[in-house]
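Hello,

Here is the structure I said I would pass on. My notes on it follow below.

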Amino acid sequence: MSVPSSALLLHSPTDKGPLTLPRGCSGISISTNWILTHGAALGSIVDKSHEVSSFITNMVPGELTMVPRELTNELKFRVYRNDDLGSSSIKEHRGVTVVAWRCSLLKKTFDEFFATWNFLKSSEFDRSLRSVFLLVRIYDDADESIVETSVEQALSCLLDQAPRNLVRGSSVEIESTPFGNPVFIGSIARGVISNLVGDEDCVIMTDAYAVPGGEGGPIYIISPDCKRRIISGMVIASLSWCRGEWVDYTFAANLAPCVLNILRKKHPCSPVVNSTYENADAALDRGVVLVRCGISWGTGILVDKDTGIFLTCSHVVAEVPEREISIVMRPYKPNLRVQAKLLYRTPENQPYDVAVLRVDPQNVDPLLKSVRLSQAPIFKGEPVVSVGFPFSSSIRPTISSGVISKSMDCALLTTCCVQSGASGGPIISRTTGDMLGMVVCNLLSSDGTVLYPRMSLAVPAITLSGPLREYLRTDNPDVFRAFTCADAVVRKIWDFYPFLPAKL
């Protein structure tokens, strides 16, 4: 069974003559005759054709809908893909959309979890298309017929390859056509599964980078030996904004639940992905908590379970009275909220932007585990992940991969994608599992117009460990005054123009 590959679809309502649109959409070549793509492929025509818009609007969520014969000429595409494994040549085919469906799982997730988000386009049709799948059949002049059973066979074949249980932190690869431009066909981007949201975890969040035109492109799990790609998702949104902040993550449909939902049958033989990162991912969750500050939140790190000591950022707790600071031990169990005592926090806009919280050790969730602070030198280029709670306080921590971009005695610059809510989260070495630093902020241009989510600043673990060890020895909170650094060199490094503390 061949692994589904990427394709490019350009809308072409006639078989001859110039293409009507310069920009296309990505797709997944699931077999010789079938291409699966996203509703974004219709984005440029749905609001210009009453018949197509009516077809999309009248689809019943969760049901396969055959395209009426009178619409087939409007829903034709020129399909470009590599038909020969190992060859670099791209072949052109003709394709016609024969069936479509609105995924009820995606629809509910976008209606609820993403209800307040903004995406690249904001028309009613664009919102409607986000939960739509299209199945395009490659055809020739002699055979444009289609039967529904072959549709189900094609989707069943795809489902047989898609893993059921995805693991946050697993390495992934997106293959798509950026901007729908044939020059870029087959481009790849790599990252990790950052999170899974929605009913049955139907939406994959990944820090692998996609741009407009990448919608419909496949997402693969990379096997631990880096020799296999396993189809797992399809890009559905490349650009988005949450609370006015640009979200530098890609969102994709998790194919296993989405396809299984439309087929309405069980497939017990779905493959299992064995990831060497699974245990490390679980360990990260056990050391990271949500810090609640009234209606706002940040991220916290359990550094000593026996005494109930947590670290977070000073700016996370700066805007509320101490009585409103609490720690949520499990994000999916909001009632496990424990009042926290503020032992110390650095003054506003002072290095190192650290706050120390303490809870009664008896109230610490038994499932939590202290994060181990690294004492080793930190080198440029070291692979790391960040862990935190951007976007929502009701889902599991989000993971972003990156490297140490620059290592200084008093600051770490990483390429992890940091968003609001991630303040106070750990930077973890992917090699050792130790904490290398604590996320403080990302960068903003000096004129305040451009945010750089993939340039994040962190306090090195070695800076944090000394005062923490001294406190555990003496039980004297005055030792935390060392977190407010008066060193002129340190102040100069942290007092830079393109500075933005990651907002709550």
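Arg-78 stands opposite Arg-94 in strand S6. This pair belongs to the antiparallel pairing of strand S5 (residues 76–81) with S6, made over 6 bridges. Two strands are said to pair if DSSP finds at least two bridges between them. Strands (E, at least two residues) and helices (H or I, at least four) are DSSP runs, numbered from the N terminus.

The model is predicted: local features need pLDDT of at least 70, side-chain atom pairs count only at pLDDT 80 or more, and totals for chains, interfaces and linings use all residues. Residues are numbered from 1 along each chain as its sequence is written, and side-chain values use heavy atoms, with hydrogens and water left out.

How much of S6 is buried? Of the 12 residues in S6 (residues 91–102), 9 are buried, so the strand is largely enclosed by the rest of the structure. Buried means under 20% relative accessible area, exposed over 50%, and partly exposed in between (1.4 Å probe, protein chains only).

A separate note concerns Pro-321. Pro-321 lies in the loop between helix H7 (314–317) and strand S20 (325–330). Its relative accessible area is 33%, so Pro-321 counts as partly exposed. The C-alpha atoms of Pro-321 and Gly-294 are separated by 8.8 Å, and the two residues are 27 residues apart along the chain.

Regards
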